[in-house]
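Thanks for coming, everyone. Let me put the structure up, and then I'll walk you through it.

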Amino acid sequence: MLSIRRHILRQRPARLFHSSVPRSRPCPSCSRPLPSSLPACINCGHISSLSQNTKHHDIFDLPYEPNPFVVDISTLKQRFRNAQALCHPDSWASKGSNKQDIAQALSGRINEAYQCLLNPLSRAEYILQRHHVPISETEHVEDIEFMAEIMQARETVEEAEDVAEIEILLQQNNIEIKRTEEELEGAVGKAQWADVKSAAIRLRYLQGIQSAAKKWLDNH
């Protein structure tokens with residue numbers, strides 16, 4: 001099972017989350033305040049597509065600066081629900097097929113952005129992508145000790161016969177996940193992209209152990 005690897009966490013600044021109320025923008029058609037950051041107006045029925053360059057954070061009116069890795073998950077979930085309700089294709093069916101098609105496309109973008117920002121790993125990969133740092137699913141870390149721990153954890157899951165053993169493994173693995181996410185936050189905040197990439201790859205392995213352990217518990 002994974003051992004708890006010791007290291008000193010860098011001191012991080014206090015997190016600054018966005019207000020629970022999105023900034024108001026005028027509708028380009030009727031000039032009334034839009035209910036969200038999306039180009040969809042419930043007053044006049046105007047709806048338009050998002051630019052391909054629109055950041056995931058902007059879709060939910062979440063701050064990208066100073067640290068795009070820091071996301072208030074409760075606010076993200078609330079704004080996701082509101083955005084999906086606003087742009088649900090069925091709500092635009094009576095306004096013409098063209099507007100319904102736009103709503104369908106917006107709904108897809110909303111879901112894609114939400115799933116990306118919700119998971120710390122996909123969020124880190126997205127930030128790396130925006131900074132032109134490639135990261136593939138086949139890349140691995142050079143940390144021999146870490147990889148030995150991962151291999152040991154995999155063997156523990158494969159050979160486990162005791163639920164308590166898997167629960168302990170999950171607990172220790174979750175500690176490593178938390179520490180790695182904190183490391184990611186610090187590295188993103190300092191724009192240390194090589195460190196971000198390394199931590200993201202390690203997080204991928206840790207999430208794999210988490211998934212395997214939870215699957216084992218579900219089957220036992």
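**A walk through the model**

Let's start with Thr180, which counts as buried because its relative accessibility is 4%. Here buried means under 20% relative accessible area, exposed means over 50%, and partly exposed is in between, with a 1.4 Å probe and protein chains only.

Before going further, a word on what you are looking at: this is a predicted model, where local features need pLDDT of at least 70, side-chain atom pairs count only at pLDDT 80 or more, and totals for chains, interfaces and linings use all residues. Residues are numbered from 1 along each chain as its sequence is written, and side-chain values use heavy atoms, with hydrogens and water left out.

Back to Thr180, then. Thr180 sits in helix H6, residues 163–189. When I say helix, I mean a DSSP run of H or I with at least four residues; strands are E runs of at least two, and both are numbered from the N terminus. What does Thr180 touch, not counting residues up to four places away in sequence? The answer is Ala199, Arg202, Leu203 and Leu206, where contact means heavy atoms within 4.5 Å. A polar atom of the Thr180 side chain also lies 2.7 Å from the backbone oxygen of Glu176. That is a polar contact, defined as a pair of N or O atoms within 3.5 Å; within protein, one must be able to donate a hydrogen and the other to accept it, and residues adjacent in sequence count only if both atoms are side-chain atoms.

An unreviewed UniProt entry annotates residues 163–190 as "coiled-coil region". UniProt positions are in the numbering used here, feature names are shortened, and annotations may be inferred rather than shown by experiment. In the model, the span 163–190 is 96% helix and 0% strand, and its end C-alpha atoms lie 41 Å apart.

Now the overall picture. How many helices and strands are there in the protein? There are seven helices and zero strands, so to speak a plain α-α-α-α-α-α-α along the sequence. The protein has 220 residues, of which 43% count as buried. Of the contacts between residues at least 6 apart in sequence, 69% join residues at least 24 apart.

One helix pair is worth a look. Two packed helices are described by the angle between their axes and the distance between the axes. Helix H3 (residues 97–118) packs against helix H4 (residues 120–130) at an angle of about 105°, and their axes are 5 Å apart. That makes H3 roughly perpendicular to H4. On the H3 side, the contact is made by Gln115, Cys116, Leu117 and Leu118; on the H4 side, by Pro120, Ser122, Arg123 and Tyr126. Under 35 degrees counts as roughly parallel, over 145 as roughly antiparallel, 65 to 115 as roughly perpendicular, and the rest as oblique.

Next, some backbone details. The peptide bond from Glu65 to Pro66 is cis, with omega near 10°. Pro66 belongs to the loop between helix H1 (56–59) and helix H2 (73–86). Asp61 is in the loop between H1 and H2 as well, and its phi is near 55°, a positive value in a residue other than glycine. Is Asp61 buried or exposed? Asp61 counts as buried, because its relative accessibility is 2%. Ser31, in the segment before H1, also has a positive phi for a residue other than glycine, near 70°. Ser31, however, is exposed, with a relative accessible area of 56%.

On to the cysteines. A disulfide is a covalent bond between the sulfur atoms of two cysteines. The structure holds zero disulfides, with the cut-off being a pair of cysteine sulfur atoms within 2.5 Å. For Cys44, the nearest cysteine sulfur belongs to Cys27 and is 3.6 Å away. Cys44 is partly exposed at 33% relative accessibility, while Cys87 is buried at 0%.

Let me finish with the last part of the chain. Ser198 is in helix H7 and counts as partly exposed because its relative accessibility is 31%. Ser198 and Glu139 are 59 residues apart in sequence, with their C-alpha atoms 9.5 Å apart. Then comes His220, in the segment after H7 (193–218). His220 is exposed, with a relative accessible area of 57%. A polar atom of the His220 side chain lies 2.6 Å from the backbone oxygen of Trp216.

Definitions and conventions
Axes fitted to C-alpha atoms, helices over the stretch in contact; angles between N-to-C directions.
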